[in-house]
Amino acid sequence: MAVRNAETFEPVTLGHIRSHGCRDLRVYCGSINCNHSTTINADHMPDDTPIRALGSRMVCTKCGHVGADVRPDWSPHVNKRHV
C-alpha cells in the first residue's frame with residue numbers, strides 16, 4: 001500500500017470569503033447541550049483573520065460555553081433568485 005502525503009491547505013480567511021461577497025459568519029455553540037446559533041457581521045475584523053481560529057474564543061450568550069463552530073454565512077447568496 002502506498003503512503004499518501006497529507007494535503008494541507010492555507011486556512012480560509014475573512015479576506016478570502018469577502019472576495020466572494022460573504023460578509024457574515026454563522027456561529028454555532030460548541031456545547032452538546034445547547035442548540036444556540038447566531039449570525040455575526042465580521043466587517044470589523046482584519047482580512048487576514050482565519051475563520052477556524054475564531055471559534056475557540058467565542059462564548060455562547062445562552063449557556064456560557066467557550067468554543068464554537070464558526071462558518072461563513074452563505075445563505076444570502078444561496079437564496080438569491082437569478083432572473
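Tutor: Two strands pair if DSSP finds at least two bridges between them. Helices (H or I, at least four residues) and strands (E, at least two) are DSSP runs, numbered from the N terminus. Residues are numbered from 1 along each chain as its sequence is written, and side-chain values use heavy atoms, with hydrogens and water left out. The model is predicted: local features need pLDDT of at least 70, side-chain atom pairs count only at pLDDT 80 or more, and totals for chains, interfaces and linings use all residues.

Student: Which element of the chain has the highest mean pLDDT?

Tutor: pLDDT is the predictor's confidence in each residue, from 0 to 100. The chain averages 90, and 88% of the residues score at least 70. Among the elements, helix H3 (residues 75-78) has the lowest mean, 81, whereas the highest, 97, belongs to E1.

Student: What is the order of the strands in the open sheet?

Tutor: Strand E1 (residues 24-29) is joined to E3 by five antiparallel bridges, and E1 also pairs with E2 in the antiparallel sense over five bridges. E2 (37-41) and E3 (68-72) each have a single partner strand, so they stand at the edges, with one side of each left without a neighbour in the sheet. The order of the three strands is therefore E2-E1-E3.

Student: By how many degrees are neighbouring strands of this sheet turned against each other on average?

Tutor: Axes are lines fitted to C-alpha atoms, for helices over the stretch in contact, and angles run from 0 to 180 degrees between N-to-C directions. For this sheet direction is ignored, and the average is 25°.

Student: Which residue stands opposite Arg-26 in E3?

Tutor: In E2, the residue opposite Arg-26 is Thr-39. Towards E3, the bridge partner of Tyr-28 is Asp-69. The residue of E3 opposite Arg-26 is Arg-71.

Student: How many residues has the largest nonpolar core?

Tutor: A nonpolar core is a set of buried Ala, Val, Leu, Ile, Met, Phe, Trp, Tyr and Cys residues joined through side-chain atoms within 4.5 Å. Among the members of the largest one are Leu-25, Val-27, Met-58 and Val-70. Helix H1 (14-18), E1 and helix H2 (51-54) each supply at least two residues. The core has 11 residues.

Student: With which side chain does the side chain of Ser-37 make a polar contact?

Tutor: Ser-37 is found in strand E2 and is partly exposed, because its relative accessibility is 24%. Leaving aside neighbours within four places in sequence, Ser-37 is in contact (heavy atoms within 4.5 Å) with Arg-26, Val-27 and Tyr-28. A polar contact is a pair of N or O atoms within 3.5 Å; within protein, one must be able to donate a hydrogen and the other to accept it, and residues adjacent in sequence count only if both atoms are side-chain atoms. At 3.0 Å, the partner of the Ser-37 side chain is that of Arg-26.

Definitions and conventions. Buried means under 20% relative accessible area, exposed over 50%, partly exposed in between (1.4 Å probe, protein chains only).
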